[in-house]
Amino acid sequence: MLRARRIVVKVGSSSLTTAAGGLDADRVDALVDVLARAHEHGHRAQGSEEEPVEIVLVSSGAIAAGLAPLGLEKRPTDLARQQAAASVGQGLLVARYTASFARYGLRVGQVLLTADDASRRAHYRNAYRTLEQLLVMGAVPIVNENDTVATAEIRFGDNDRLAALVAHLVRADLLVLLSDVDGLYDGDPGKPGSRRIAEVHGPQDLDGVEIGSAGKAGVGTGGMVTKVEAARIATGAGIPVVLTAARHAADALAGRDTGTLFHRTGRRAADRLLWLEHASSPRGSVTLDAGAVAAVVERRTSLLPAGVTGVEGDFTAGDPVDLLDENGHIVARGLVNFDARELPRLLGRSTRDLARELGAAYEREVVHRDDLVVLTG
């Protein structure tokens, strides 16, 4: 039986809305009933006082909720209309949650994130402090991607991945992914002979498993592929994951056997580095010589100008960039300290020479080791 005090719950659009778009108030209320009771009653661990369960809800549904009010029959494919639908739908979604949780005397707080917020140091700290303070004050954070402003370059892509990263951010004990399917199956759940997979201990348990994409409703962006990827991210960072149907949410929150349990496969990683690896989109790349590759990958040092041989892209200081070896293979990703237009004249030169010629501001790393994640080796 799983025991968890802080739980991140992710619910998809198909569990909250009708296929035609628009919120289903009964579905929202049914979910809130489960979450509020878990928050209120808590759990009793062995030999300890009863403590309330803290819930962070990562909720899809903003774009889907905005479809019907805007006269859209299905989710638009262009970004501008997606953002317009999100602008209308986000207010409706949070208003519905606010009213529903109020039945239990609980307040909610809206937290909208983009991947850009998560990979930059100051933004990441602000997101953590906001979520932590909401929990301390007894509120239920409602997290969603900021679809109204997120562009293709700064999108998480789906709320399953966002949920895995939020679980890591708030140091959750458990991630619950709620879907319209009651777990991961070894084939199409709608076909005879398909078997639900009760537990996954590692990638080897998924060998040969047919994993489907987004459902037929057409209101979401995910599917089983994104849920399995989210589980991989979370479990790799030391957080177990339960994947089950929304109707089984109470069982999942109570630690009862339901759906598919993904066991931990790793330990908690450094906070922002997990986001940098999984939530950032590179704005360009820098190519390293063999010595710099060895220093970054094997010795985990910072990247200095002397080891850079080439620059591609149009990025500014603070943007994520890929670090490439001499054959063009990605070996790491990091937050660059210079604009793309500045770097060419710095290549191959020592920081001491640069400081002497250009000033003390240039005596710094291209990418500091604290802002760098190795993607190979």
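Which side chain makes a polar contact with the side chain of R333? The partner is D322, at 2.8 Å, where a polar contact is a pair of N or O atoms within 3.5 Å; within protein, one must be able to donate a hydrogen and the other to accept it, and residues adjacent in sequence count only if both atoms are side-chain atoms. This is a predicted model, in which local features need pLDDT of at least 70 and side-chain atom pairs count only at pLDDT 80 or more, while totals for chains, interfaces and linings use all residues. Residues are numbered from 1 along each chain as its sequence is written, and side-chain values use heavy atoms, with hydrogens and water left out.

**The protein as a whole**

- The protein holds 11 helices and 15 strands; helices (H or I, at least four residues) and strands (E, at least two) are DSSP runs, numbered from the N terminus.
- Of its 377 residues, 50% count as buried; buried means under 20% relative accessible area, exposed over 50%, and partly exposed in between (1.4 Å probe, protein chains only).
- Among the contacts with a separation of 6 or more, 71% come from residues 24 or more positions apart, a contact being heavy atoms within 4.5 Å.

**R333 in its strand**

- R333 sits in strand β14, which covers residues 330–335.
- With a relative accessible area of 11%, R333 is buried.
- Not counting residues up to four places away in sequence, R333 touches L276, E277, S280, P282, V321, D322, L323, D371, L372, V373 and L375.

**Helices α6 and α7**

- Helix α6 (residues 159–169) and helix α7 (residues 224–236) have axes that come within 8 Å and cross at roughly 15 degrees; axes are lines fitted to C-alpha atoms, for helices over the stretch in contact, and angles run from 0 to 180 degrees between N-to-C directions.
- The two helices α6 and α7 are therefore roughly parallel to each other, a term for angles under 35 degrees, with over 145 counting as roughly antiparallel, 65 to 115 as roughly perpendicular and the rest as oblique.
- The crossing of α6 and α7 is right-handed: a crossing gets this name if the near helix is turned clockwise from the far one by less than a right angle, and is left-handed if anticlockwise.
- On the α6 side the contact is made by D160, R161, A164 and L165, and on the α7 side by T226, K227, A230, I233 and A234.
- These contact residues of α6 and α7 divide into five nonpolar, one polar and three charged; Ala, Val, Leu, Ile, Met, Phe, Trp, Tyr, Cys and Pro count as nonpolar, Asp, Glu, Lys and Arg as charged, and the others, Gly among them, as polar.
- Helix α6 is largely enclosed by the rest of the structure, because 10 of its 11 residues are buried.
- The buried residues of α6 include N159, D160, L162 and H168.

- Y104 belongs to the loop between α3 (79–102) and β3 (108–113), and at 24% relative accessibility Y104 counts as partly exposed.
- Although 71 residues separate Y104 from D33 in sequence, their C-alpha atoms are 8.5 Å apart in space.
- The side chains of Y104 and D33 are joined by a polar contact of 2.7 Å.
- Beyond its neighbours within four places in sequence, Y104 is in contact with V32, D33, A36, R37 and E40.
- R349 lies in the loop between β14 and α11 (351–358) and, at 24% relative accessibility, R349 is partly exposed.
- From R349 to A306 the distance is 43 residues in sequence and 4.5 Å in space, C-alpha to C-alpha.
- Leaving aside neighbours within four places in sequence, R349 is in contact with P305, A306, L354 and E357.
- The backbone oxygen of R345 is reached by the side chain of R349 at 3.5 Å.

**Positive phi values**

- Most residues other than glycine have a negative phi.
- R300 has a positive phi near 55 degrees; R300 lies in the loop between α10 (290–297) and β12 (308–313) and counts as partly exposed at 47% relative accessibility.
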